[in-house]
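Colleague: Could you take me through the packing and the charged pairs here?

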Amino acid sequence: MSNNNLSIIHEKRDALDARPKHSTLHNWIGVVPFFIFTALFIILPSVTLLVHAFQDNDGKLTLMNFIGLLDPSILNAYWISIRISLTTALVAGCLAS
Amino acid sequence: MAYAITAGKLPNPIRTAIMTFSGVASNFAGVPLAFAFIATLGRTGLVTLLLKNVFRINLYDQGFNLYSFAGLSLTYTFFQFPLMILVITPALDGLKAEWQEAAENLGASHGMYLRKVALPILMPSILGGMILLFGNSFGAYATAYSLTGGFINLVTVMIGSQIKGDILYNPGLGYALAIGMVIIMLIMMTIYYFLRRRSERWLTK
């Protein structure tokens, strides 16, 4: 009997029950701008990028763009970019921390 | 340096000053930054001439050149360094003084504490900061372009020249170059993911 009483009190004090179970619509409205922004300025450009990478100047499907990437000057540019990014990231990262 | 301003017993105003400076300098990129470096370390820059006339050291005779790989790295470091300070300071604040005391009570030297306690705790944050820096300088365009004028061929500069179409005009190739950058970034993120998992291994045990 007393044990039963205790458990009732315990349930009443349970803070988890005091919280709303689900996030309300109200909360979702706050993050809508974020999703609009990502959709417009990250996802949409990435998709266009991917589509246009496989098209030539007339809009026909092609792989020539990617074959063009194998040009030595372009590979060199990639290599310099990677090297400079790694150097600065490692140097600044080690010195700053 | 960030460790010095958090764990070191520096007066608070110094920390505020450094953090404010970091906030400004980490956003100081692009054409203004390139100009600032040309004006200080360029061929007739302030520091170059000072060293030459007062200390008789000619930087450019010693093999230094601002418009080279080393010069560009130095310029990038100017905004990378403060950014790293900004992102790593909160993590360093999380280091509890008790941990150091405990380590020292058990007979660890300061260097041992840094290597065996502080570094493993900070490793995920440091790696995260470094991947941020990598992405930051990988995508930088204006600084490199205005500093070297396309003398150093970065991928971003190449994309720019393919799309603007002064001499080279092939937007398709530009798009493909950009996809290549995305792929490299994905590879870096994968490496980062595995390194991070490795450095967090001891947390899950």
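**Burial and contacts**

Modeller: B:Ser26 is buried, at 12% relative accessible area (buried is under 20%, exposed over 50%, partly exposed in between, with a 1.4 Å probe and protein chains only). This is a predicted model, where local features need pLDDT of at least 70, side-chain atom pairs count only at pLDDT 80 or more, and totals for chains, interfaces and linings use all residues. Residues are numbered from 1 along each chain as written, chains are lettered from A in the order written, and side-chain values use heavy atoms without hydrogens or water.

Colleague: Which residues is B:Ser26 in contact with, leaving aside neighbours within four places in sequence?

Modeller: Contact means heavy atoms within 4.5 Å. B:Ser26 belongs to helix H2 (residues 12–26) of chain B, helices being DSSP runs of H or I with at least four residues, numbered from the N terminus. Beyond those neighbours, its partners are B:Phe79, B:Pro82, B:Leu83 and B:Leu86.

Colleague: How many salt bridges are there over all chains, and which residue pairs with B:Asp93?

Modeller: A salt bridge needs a side-chain nitrogen of Lys or Arg within 4 Å of a carboxyl oxygen of Asp or Glu. The whole structure has one. It links helix H5 and helix H2 of chain B, across 78 residues. At 2.9 Å between the closest N and O atoms, the partner of B:Asp93 is B:Arg15.

How values were computed:
Helix = DSSP H or I, 4+ residues; strand = E, 2+ residues; numbered from the N terminus.
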